[in-house]
Amino acid sequence: MIDDVWNRMSTDPAMEGYSFKKVGLPSPDHASMKKCRELCAQNVCGAYSVTWGCPPGVGREEECLKTLGDFSNAAFLIKEFNNIDLKDRELLRELGTAHQDACRRFSNALRGEGYRVLALTDGGCRYCGECSYPDDPCRFPDQRISSIAAYGIMMDEYMGSQNIEFHFRDDGMTLYGLIMYDGS
């Protein structure tokens, strides 16, 4: 069971401070997809059109909606950061990269147990030093972490539907990795 995989993973020092929560499936639709893709196109995070994990490289809207619909379970990997400077771009990038690494480690552990997995977080995939997009295919598709927004998931609405408080703070943040899974 996924709980057993998490229990083993939670003892790993790299997972310190993380929590795990099973949640209901997200249910993005064409309207939320359109809104998310418009936000992505503003390129605030700098990942639009430069990585296979973000639009347009991640796939057409219909493909992403279908991919989500092919999974039967979802869980969050969560880590809260307090008393940090949210204006420190370098720190935020380091925390985001470490969060993607944690989601990747958990996803790989699940795959090792026979699960089919799709990991989603905030922003573009940071696995490779330089993404092969758009000239060559993704070099490590099993390691790619795609953007939650690329799949049309409005986090505030989705988390509200799961009775999880979602808000912005001045002195900290909470990072969420959405792990879609099937199997074992």
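Is Arg8 buried, partly exposed or exposed? With a relative accessible area of 45%, Arg8 is partly exposed; here buried means under 20% relative accessible area, exposed means over 50%, and partly exposed lies in between (1.4 Å probe, protein chains only). The structure is a predicted model, in which local features need pLDDT of at least 70 and side-chain atom pairs count only at pLDDT 80 or more, while totals for chains, interfaces and linings use all residues. Residues are numbered from 1 along each chain as its sequence is written, and side-chain values use heavy atoms, with hydrogens and water left out.

Helices (H or I, at least four residues) and strands (E, at least two) are DSSP runs, numbered from the N terminus. In helix α1, which spans residues 2-9, the buried residues are Ile2, Val5, Trp6 and Met9. Seen down the axis of α1, these buried residues fall within an arc of 100°, so they line one face of the helix; the arc is taken from the directions that run from the helix axis to the C-beta atoms.

Aromatic rings come next. A pair of aromatic rings is described by the distance of the centres and the angle of the planes. Rings of Phe, Tyr and Trp (its six-membered ring) pair if their centres lie within 6.5 Å, and planes under 30 degrees apart count as stacked, over 60 as edge-to-face and the rest as tilted. By this rule the structure holds eight aromatic pairs. One of them joins Phe20 and Phe106, whose ring centres are 5.6 Å apart and whose planes stand at 75°, so the pair is edge-to-face. Because Phe20 lies in strand β1 and Phe106 in helix α4, this pair ties together parts that are 86 residues apart in sequence. Phe20 is buried at 17% relative accessibility, and Phe106 is buried as well, with a relative accessible area of 0%. Ring pairs also bring in Trp6, giving a cluster of Trp6, Phe20 and Phe106.

Another pair is made by Trp52 and Tyr133, with ring centres 4.7 Å apart and planes at 85°, so this pair is edge-to-face. It links distant parts of the chain, 81 residues apart: Trp52 sits in the loop between α2 (30-41) and α3 (61-69), and Tyr133 in the loop between β3 (116-121) and β4 (146-147). Both Trp52 and Tyr133 are buried. The loop between β3 and β4 also holds Pro137, which is exposed at 62% relative accessibility. Leaving aside neighbours within four places in sequence, Pro137 is in contact (heavy atoms within 4.5 Å) with Trp52 and Ser132. The C-alpha atoms of Pro137 and Gly57 are separated by 9.7 Å, and these residues are 80 residues apart along the chain.

What about charged side chains? Side chains of opposite charge can pair when their charged atoms come close. With a salt bridge taken as a side-chain nitrogen of Lys or Arg within 4 Å of a carboxyl oxygen of Asp or Glu, the count comes to 10 salt bridges. Arg8 forms one with Glu113, the closest N and O atoms being 3.2 Å apart. Arg8 lies in helix α1 and Glu113 in the loop between α4 and β3, so the pair ties together parts that are 105 residues apart in sequence. Glu113 is partly exposed, at 39% relative accessibility.

Arg116 and Asp182 also meet in a salt bridge, at 2.5 Å from N to O. This pair links Arg116 in strand β3 with Asp182 in strand β5, 66 residues apart. Arg116 is partly exposed at 40% relative accessibility, whereas Asp182 is buried at 13%.

Finally, the cysteines. A disulfide (a pair of cysteine sulfur atoms within 2.5 Å) is not found here, as a search of the whole structure gives zero. The sulfur of Cys54 is 5.3 Å from the closest cysteine sulfur, in Cys45, too far for a bond. Cys54 is buried at 4% relative accessibility.
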